[in-house]
Amino acid sequence: MFIDVLPHAPKPQNLPAGTIWREKPRLNIPGSIWLPDTGYGTLAAATEDYLRHGLARAAGGNSATLLVIYCLTDCWMSWNAAKRALSYGYRNVAWYPEGTDGWQRADLPVSESQPEPRSGEEISSPR
């Protein structure tokens with residue numbers, strides 16, 4: 001299971017009325033689950049809980065499932081998230097240091113993605 005941990009910029013709260021907000025699309029490895037903001041050095045409790053639940057969903061509750069964690073080329077956030085997954089008891093974790101940059105350089109397909117919803121959020125569109 002591919003896990004994308006690239007941060008996601010939220011819509012700024014202070015945009016003037018009538019301002020059009022165009023979110024930059026995230027293209028990632030097809031079938032990936034995007035768990036943004038989960039690779040920072042220190043996580044808030046709610047973000048760590050989001051990561052734990054997201055990994056559990058991705059692995060189907062099986063700690064032996066292969067989890068391949070990535071973001072962009074040499075993104076240390078994916079390294080941090082991979083180390084966290086190991087600390088949670090996942091036994092088959094791989095860090096993909098080339099991320100989507102390397103994937104696209106290899107001319108492999110990408111697909112537009114949306115972040116997995118956090119507690120209290122709804123899915124706005126399919127992955």
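## A quick tour of the sheet, helices and disulfide

Phenylalanine 2 is found in strand β1, which covers residues 2–4. Keep in mind as you look around that this is a predicted model. Strand β1 belongs to an open sheet of 4 strands, ordered β3-β1-β4-β5 and paired in parallel. Below are some spots to look up in the structure.

**Phenylalanine 2**

- Phenylalanine 2 counts as partly exposed, because its relative accessibility is 26%, which falls between the 20% limit for buried and the 50% limit for exposed.
- Beyond its neighbours within four places in sequence, phenylalanine 2 is in contact with Ile29, Ser32, Ile33, Val68, Tyr70 and Trp103.
- Glycine 102 lies 100 residues away from phenylalanine 2 in sequence, with 14 Å between their C-alpha atoms in space.

**The sheet**

- In the strand order β3-β1-β4-β5, the edges are β3 (33–34) and β5 (93–95), each of which pairs on one side only.
- Strand β4, made of residues 67–70, runs parallel to β5 and is joined to β5 by 3 bridges.
- Valine 68 has alanine 94 of β5 as its bridge partner.
- Helix α2 (residues 76–87) lies across β4 and β5, and runs at about 170° to β5.

**Helix α1**

- Helix α1 takes in residues 45–59, and its 15 residues should span 21 Å at 1.5 Å a residue; the C-alpha atoms at its ends are 21 Å apart, so the two values agree.
- The buried residues of α1 are Thr47, Tyr50, Leu51, Gly54, Leu55, Ala58 and Ala59.
- Viewed down the axis of α1, these buried residues fall within an arc of 150°, so they line one face of the helix.
- An α-helix has 3.6 residues a turn, so residues three or four places apart point the same way.
- Ala45 and Ala46, on the other side of α1, are exposed.
- The cover over the buried residues of α1 includes β1, β3, β4 and α2.

**The disulfide**

- The count for this model is 1 disulfide.
- Cysteine 71 and cysteine 75 form this link, with their sulfur atoms 1.8 Å apart.
- The link of cysteine 71 and cysteine 75 is left-handed, with -135° about the S-S bond.
- Cysteine 71 counts as buried because its relative accessibility is 0%.
- Cysteine 75 is buried too, with a relative accessible area of 9%, and the limit for buried is under 20%.

How values were computed. Residues are numbered from 1 along each chain as its sequence is written. This is a predicted model: local features need pLDDT of at least 70, side-chain atom pairs count only at pLDDT 80 or more; totals for chains, interfaces and linings use all residues. Side-chain values use heavy atoms; hydrogens and water are left out. A disulfide is a pair of cysteine sulfur atoms within 2.5 Å. Buried means under 20% relative accessible area, exposed over 50%, partly exposed in between (1.4 Å probe, protein chains only). Two strands pair if DSSP finds at least two bridges between them. Helices (H or I, at least four residues) and strands (E, at least two) are DSSP runs, numbered from the N terminus. Contact means heavy atoms within 4.5 Å. Axes are lines fitted to C-alpha atoms, for helices over the stretch in contact, and angles run from 0 to 180 degrees between N-to-C directions. The expected span of a helix is 1.5 Å times one less than its number of residues. The arc is that of the directions from the helix axis to the C-beta atoms.
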